[in-house]
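Let's take a walk through this protein together, one contact at a time. Keep the 3D view open and look for each residue as it comes up.

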Amino acid sequence: MSETMIFCTLFDSGYLDKGLVLYDSLCKNAGDFRLYVVAFDETCRRVLSHYANERLVVISLAEFESEELLEAKGNRNAREYCWTCSCHAIKHVLTHYKESHCTYIDADMYFYQDPRCLLKEIEDDHCDVGIIRHGFIPNKENMRYINLSGEYCVEFNTFYRTDNGQAVLNWWCDQCLDCCTEKTDGIHFGDQKYVEQFQKRFTGVHVQQNKGAGVAPWNIARFELESAAQGDAIVLREKKTRETFPLIFYHFQQIRYLSASSADINAYLYPRRASLKLRDTIYLPYMRRLSDKRRELSEKHGIDLDQKTAYVKKQGLMAYIKFLIQNERDFLIAIRRLYRALFRRRHDYISW
């Protein structure tokens, strides 16, 4: 196995706090690694250049964007274009920088353990590609999420620079150039639905088995807190099997700021009840890290993310009932979702 783990991600200046906290988590908890960041605007590139070193390589849009990507940029929205670029970021690192492998990671993740075990899983299975499931709790309601957004998540996706690995990656890149829509039709959804076809079309594709990878708001209710030590060491226990294991990374997707010191984490409208103790253990330190990073960006680089943040209001019950009436056709699921809005939604609102 290569001694240096190779990662890539992409974000703009509005995500600098999250991206730099992600980088800090790798510096603190990973071994030897290199993170390539595609800076999606000039402000982001300028700020990241102050942090650049042998572990953090900054890629400008001028270097990254091909004619094909620029053409795609003109026929889709910003979110769709970002999704289009995730697989192309991997491809750029493999082809331009000649790395032996590359793992795409989302900028709103935090690593609590060295992820080298996840790469070892792929290599022990003699595979060239690694993918990861969303890990939804299996039930009727969650099956709809899987059908619409995909069984697999684009958050930790590894490709080796082998003939087979590059064949899978090139196919994925071509599909995303052709269509990367955010409209869910059960066939397409961004870059994610295509991942379901990897194992059908290619060999050498490994599905990550480590339960400590890919914990996120949509599946946190599967787990309880077993223990948390000083630093970042967190041990989880799966409710169903009672199996314990260390948390490797958490995906902090869907956080919306209510104010500079409060947020909506959007985890409690999913089926099943997430542990409040686990919520606080994971979310509160992360939000404080983001606040510290925002302060650093303001003081050192003149970037005031608090001023740029689009603050939201707490979701009103009547507005949610109206949403259910307009969008939910399954009466039983509508009742369950209304119950969660009435009795669990308040747990999504945290302050630090």
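Find the side chains of Arg 144 and Glu 328, which meet in a salt bridge with N and O 2.7 Å apart. The model you are looking at is predicted. Arg 144 sits in helix H7 (residues 140-149), while Glu 328 is in the loop between helix H12 (317-327) and H13, so this pair ties together parts that lie 184 residues apart in sequence.

Arg 289 is partly exposed at 22% relative accessibility, and Asp 232 is buried at 5%.

Now look within helix H10, where Arg 295 and Asp 292 both lie, 3 residues apart, or about one turn of the helix. Their side chains form a salt bridge of 2.9 Å, N to O. Arg 295 is partly exposed at 44% relative accessibility, and Asp 292 also counts as partly exposed, at 44%. Salt bridges with shared partners also build a network, made up of Glu 141, Arg 144, Glu 328, Arg 337 and Arg 340. Across the whole structure, a search finds 28 salt bridges. Why do such pairs form? Side chains of opposite charge can pair when their charged atoms come close.

Let's turn to the rings. The whole structure holds 27 aromatic pairs. One of them is the stacked pair of Phe 156 and Phe 249, with 5.6 Å from centre to centre and 20° between the planes. Phe 156 belongs to strand E7 (residues 152-160) and Phe 249 to strand E12 (residues 249-251), so the pair links parts of the chain 93 residues apart. Phe 156 is buried, at 0% relative accessible area, and Phe 249 is buried at 0% as well.

Compare that with Tyr 339 and Phe 343, whose ring centres are 4.9 Å apart and whose planes meet at 45°, so this pair is tilted. Being 4 residues apart in helix H13, they are separated by about one helical turn. Tyr 339 is partly exposed at 42% relative accessibility, and Phe 343 is partly exposed at 45%. Together with Leu 317 and Leu 342, these two form a nonpolar patch on the surface, with about 370 Å² of accessible area together. Helix H13 (residues 331-343) contributes the most to this patch, giving 3 residues.

Finally, head for the interior. In soluble globular proteins, nonpolar side chains tend to be buried together. Here, the largest nonpolar core has 41 residues, and Ile 90, Phe 159, Trp 172 and Phe 198 touch the most other members. Helix H5 (residues 78-96) supplies the largest share of this core, 8 residues. Apart from it lies another core, of 35 residues, including Ala 39, Tyr 51, Ala 107 and Phe 156.

Conventions
Residues are numbered from 1 along each chain as its sequence is written. This is a predicted model: local features need pLDDT of at least 70, side-chain atom pairs count only at pLDDT 80 or more; totals for chains, interfaces and linings use all residues. Side-chain values use heavy atoms; hydrogens and water are left out. A nonpolar core is a set of buried Ala, Val, Leu, Ile, Met, Phe, Trp, Tyr and Cys residues joined through side-chain atoms within 4.5 Å. Buried means under 20% relative accessible area, exposed over 50%, partly exposed in between (1.4 Å probe, protein chains only). Helices (H or I, at least four residues) and strands (E, at least two) are DSSP runs, numbered from the N terminus. Patches are made of residues with over 30% relative accessible area and no salt bridge: like charges are joined within 9 Å, nonpolar side chains (Val, Leu, Ile, Met, Phe, Trp, Tyr) within 5 Å. Accessible areas come from the Shrake-Rupley method with a 1.4 Å probe; for residues, only the protein chains shown count as cover. A salt bridge is a side-chain nitrogen of Lys or Arg within 4 Å of a carboxyl oxygen of Asp or Glu. Rings of Phe, Tyr and Trp (its six-membered ring) pair if their centres lie within 6.5 Å; planes under 30 degrees apart count as stacked, over 60 as edge-to-face and the rest as tilted.
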